[in-house]
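This report covers one structure, shown below.

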Amino acid sequence: MTTRIGTRTLGTTSPLTVSTLGLGCMGMSEFYGTSDEQQGIDTIHRALDLGVTFLDTADMYGPFTNEQLVGKAIKGRRDEVQLATKFGNERNPDGSWVGINGSPDYVRKAADASLQRLGVDHLDLYYQHRVDKTVPIEETVGAMKELVEAGKVRHLGLSEAGAGTIRRAHAVHPITALQSEYSLFTRDLEDEILGTIRELGIGLVPYSPLGRGMLTGTITRDAGADGADDSRRNGRFPRFTGDAFDTNLALVEKIREVATQKGCTPGQLALAWVVAQGDDVAPIPGTKRVRYLEENVGALDVKVTDEDLAALEQAVPRDAVAGDRYADMGSIDR
């Protein structure tokens, strides 16, 4: 492959330069079917070789095992990587859920544990994974600020935070990036949050820019998701169930029509759409397979014109997507 990945800068007050396209590592350990550690490590190595150096993990993935996997993969190559992890979705070692935790003591303990599992002395970007509505954001970010002052963390981020929360957090310490779901299928950020982060000089890191795989065109009613352990098959994501699934698959076929005209896959076009939303946007499509990684990288060769944007707007109107993003939207701060 000859695609030049390039870089983008997240944040203006506390800027972090990352690869234009990142890699979400979650599915290498949990949620999307069977996992294979070596396959995940091979995918990360291929990503780094291609110039995809912005890696995203979290302590809850596994739980804990995804950070260990990423740590193994980047050993000896730490200087190449912009390493991001997250805290706040607290789980027990057996995988059971404890809850959302933004207490200052937990922030400090979680950071130290992540550093140990990853085998590094600092994190490039440390996110609060979900907002703890029982703890003032000023207290949580205050503890995160202490991590920066101690040299354990270079830059701070939030995930799925609302506009008001973002403003309050940014007043305590510059926030470099907001990680939230954003894709052709999920555009609610455009109502208020996108304007807020751009006003404050905060970058956007879209997760699930391929709609949890649906926008790739490879998922059907009978195929595509990875077995019974795949959370897309157990009702966690309403867009993959019932009539909503059929409605959304029909939208994907419309995207496929535009993609065919451009000589690319539906997933490449959907990812190119996200990349085209601004120079302050660095999506992190997740995969555990080298071939899908390479397909995603190919999206950077797809030039999205104004005509393409108009065609996609017509193919997938914002209100046409059926179903909520999660069955339980209670953890999303808006």
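## Q116

Q116 lies in helix α3, residues 104-118. Helices (H or I, at least four residues) and strands (E, at least two) are DSSP runs, numbered from the N terminus. The model is a predicted one, in which local features need pLDDT of at least 70 and side-chain atom pairs count only at pLDDT 80 or more, while totals for chains, interfaces and linings use all residues. Residues are numbered from 1 along each chain as its sequence is written, and side-chain values use heavy atoms, with hydrogens and water left out.

Is Q116 buried or exposed? With a relative accessible area of 68%, Q116 is exposed; buried means under 20%, exposed over 50%, and partly exposed in between (1.4 Å probe, protein chains only).

## R130

R130 sits in the loop that runs between β8 (123-128) and α4 (137-149). R130 is buried, at a relative accessible area of 7%.

Contact means heavy atoms within 4.5 Å. Setting aside neighbours within four places in sequence, R130 is in contact with F87, N89, I100, S159, E160, Y207, Y326, S331 and I332. From R130 to G102, 28 residues away along the chain, the C-alpha separation is 8.4 Å.

## The seven-stranded sheet

Seven strands form an open sheet in the order β3-β4-β5-β8-β9-β10-β11, and their pairing is parallel. Two strands pair if DSSP finds at least two bridges between them. At the edges are β3 (22-24) and β11 (203-207), each pairing on one side only. On average, neighbouring strands are turned by 25 degrees against each other, direction ignored.

Within this sheet, β9 (residues 153-159) and β10 (residues 175-181) run parallel and are joined by four bridges. G157 has A177 of β10 as its bridge partner.

## Helices α1 and α9

The axes of α1 (residues 37-50) and α9 (residues 290-298) come within 9 Å and cross at roughly 25 degrees. Axes are lines fitted to C-alpha atoms, for helices over the stretch in contact, and angles run from 0 to 180 degrees between N-to-C directions. The crossing angle therefore makes α1 roughly parallel to α9 (under 35 degrees; over 145 is roughly antiparallel, 65 to 115 roughly perpendicular and the rest oblique).

On the α1 side the contact is made by D42, T43, R46, A47 and L50, and on the α9 side by V290, L293, E294 and V297.
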